[in-house]
Amino acid sequence: MPSPTSSLKRALRTDLTSSLVVFLVALPLCVGVAVASGVPAELGLITGIVGGLVTGLLPGSSLQVSGPAAGMTVLVLTAVREHGLSVLGVIVLAAGIIQLTLGALRLGRWFRAISLAVVHGMLAGIGLVLIAGQLYALADRKAPGSGTANVAGLPGLGADILRSGPALTALGVGAGTILLMVVWKRLPDRAQLLPGPLVAVGTATAVTAAFDLPIARVQVSGLVEAIQPPAVGDFGRLADIGVLATVVAFTLIASAESLFSAAAVDRLHHGPRTDYDKELMAQGAGNTVCGLLGALPMTAVIVRSAANVQAGARTKMSRVLHGVWLLLFAAMLPGALSVIPTAALAGVLVHAGWKLLPVGELGPLWREHRGEAVVLVVTAGSILATNMFEGVLIGILLAVAKTAWETSHVHIDVTDQGGGTVRVRITGNATFLRLPRILDALERLPHGRGVELDLSGLRHLDHACMSALQGWADQHNAQHTDAVRLIRTG
């Protein structure tokens with residue numbers, strides 16, 4: 001049996017190598033998410049650093065890795081456009097404090113009650129908006145703005161690219177980045193030691209530098225200069241209903257994405273399970289720090305978390321060290337960011353957006369659970385047509401309506417009791433949703449017969465349904481000599 005000392009050394013060794021793998025995966029994604037969010041690239045690195053050094057040290061999920069997520073890109077971009085970069089820190093700080101409060105109140109587990117179809121629809125909607133926006137960045141062009149405007153502008157973008165040599169060059173670099181990531185996944189396992197996004201961005205950067213291609217590069221301002229703590233006056237914007245709605249959206253989406261990611265990560269390893277309340281508080285602490293620094297919001301990220309588990313990580317040390325490597329890179333090699341072509345980062349995010357689309361799962365879901373598929377598609381389409389918050393709200397309302405409809409089943413039995421009496425027995429859940437069917441059945445009863453209306457088999461009878469049944473009985477008794485007798489208990 002190995003000694004505790006040797007087991008500890010082996011765990012530290014695997015955590016060290018795992019942290020390097022996660023760092024290499026996180027680096028291009030941190031920068032790419034920041035650029036796509038319309039903020040300085042360094043802010044993405046700051047969020048990744050906080051995700052490692054703050055959230056990584058806290059209890060909750062031992063192997064889950066946090067940082068800026070592609071799933072929040074659309075929401076952050078909208079918030080920055082509508083409220084300004086200076087208010088971003090206030091929004092993230094407020095969301096972090098709410099997460100801390102929800103975790104302290106032990107409400108973290110309730111985020112698991114969100115319909116899975118809504119979550120998948122949310123991710124699909126994010127993927128669609130992300131792809132539609134980053135297709136412009138692939139060609140060094142600025143996206144029009146909203147999801148629908150971006151989609152509507154794609155034909156014009158295509159025509160513009162064909163007329164511009166630099167745009168075609170940028171598109172070639174971005175498309176090559178995507179192609180290399182797709183091909184890299186098909187190579188032998190030994191090649192997977194280097195993450196595909198890092199290889200693709202590194203190759204695109206080398207080609208761009210070697211041939212001095214006339215395409216846009218990442219703009220760098222320096223790590224310290226990028227930090228923009230909220231000013232005292234910025235906190236007054238929390239009285240703005242639009243800012244408050246954004247805070248709620250940040251809180252709900254970041255929390256749901258983190259906790260669903262935790263559930264997925266728990267299925268990848270056999271170590272300690274996630275404490276959802278503590279994990280929510282860890283995410284809240286991280287977002288509070290990110291807000292104070294004026295950085296991007298953070299969530300737990302399944303891509304980095306899966307890479308961490310697959311690399312053999314055993315303790316939280318791997319995710320903490322990945323934050324250390326990000327910090328050293330940002331502090332010692334900030335100029336390295338300025339040679340990265342933005343088209344390559346756009347390619348990384350288009351690839352990430354595509355992976356958010358449930359292309360393979362939608363067909364089987366439609367065949368087996370058609371209602372769930374409808375919720376997924378409507379949620380995704382609503383996010384594309386409106387915005388993240390309203391789209392998710394529409395999806396949740398549709399999921400609730402679907403569940404209410406499916407659970408309000410009633411069964412109606414009509415039997416002749418003899419002696420001029422008909423017995424109507426209603427079982428199941430009688431709600432207003434099934435009221436038309438119940439009343440239709442009662443109105444088809446033969447005239448001139450007494451009616452025994454047996455409600456004793458109902459598991460639930462809502463107020464609207466009870467009132468309608470009592471009203472029907474009163475009307476029937478007033479118009480006919482045969483009486484209606486209600487039976488409410490067995």
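**Close-up views of a predicted model**

**View 1. Who sits around Phe250?** In this predicted model, Phe250 touches Met72, Leu75, Val76, Ala79, Leu88, Ile91, Val92, Ala95, Ser255 and Pro297, leaving aside residues up to four places away in sequence. Phe250 also turns up, with Leu45 and Leu88, among the residues with the most contacts inside the largest nonpolar core, a set of 68 residues.

**View 2. A second core.** Apart from that one there's a second, separate core of 21 residues, and Ile412, Cys465, Trp472 and Val484 are included in it. Cys465 is buried, at 0% relative accessibility.

**View 3. Cys290 and its closest cysteine.** How many disulfides does the count come to? It comes to 0 disulfides. Take Cys290: the closest cysteine sulfur belongs to Cys30 and is 10 Å away, so it's too far for a bond, given that a disulfide needs sulfur atoms within 2.5 Å. Cys290 is buried too, with a relative accessible area of 0%.

**View 4. Helix α17, end to end.** Helix α17 covers residues 370-385, and for its 16 residues at 1.5 Å a residue you'd expect a span of 22 Å. The end C-alpha atoms are 22 Å apart, which agrees.

**View 5. Helix α13 and what follows.** In α13 (residues 302-310), Arg304, Ser305, Ala306, Ala307, Asn308 and Val309 are buried. After this helix comes Gly312, with a positive phi near 100°.

Technical notes. Residues numbered from 1 in each chain as written. Predicted model: local features only at pLDDT ≥ 70, side-chain atom pairs only at ≥ 80, totals over all residues. Heavy atoms only, no water. Buried < 20%, exposed > 50% of the residue type's maximum accessible area, 1.4 Å probe, protein only. Helix = DSSP H or I, 4+ residues; strand = E, 2+ residues; numbered from the N terminus. Expected span 1.5 Å × (residues − 1). Core = buried A, V, L, I, M, F, W, Y, C linked by side-chain atoms within 4.5 Å. Contact = heavy atoms within 4.5 Å.
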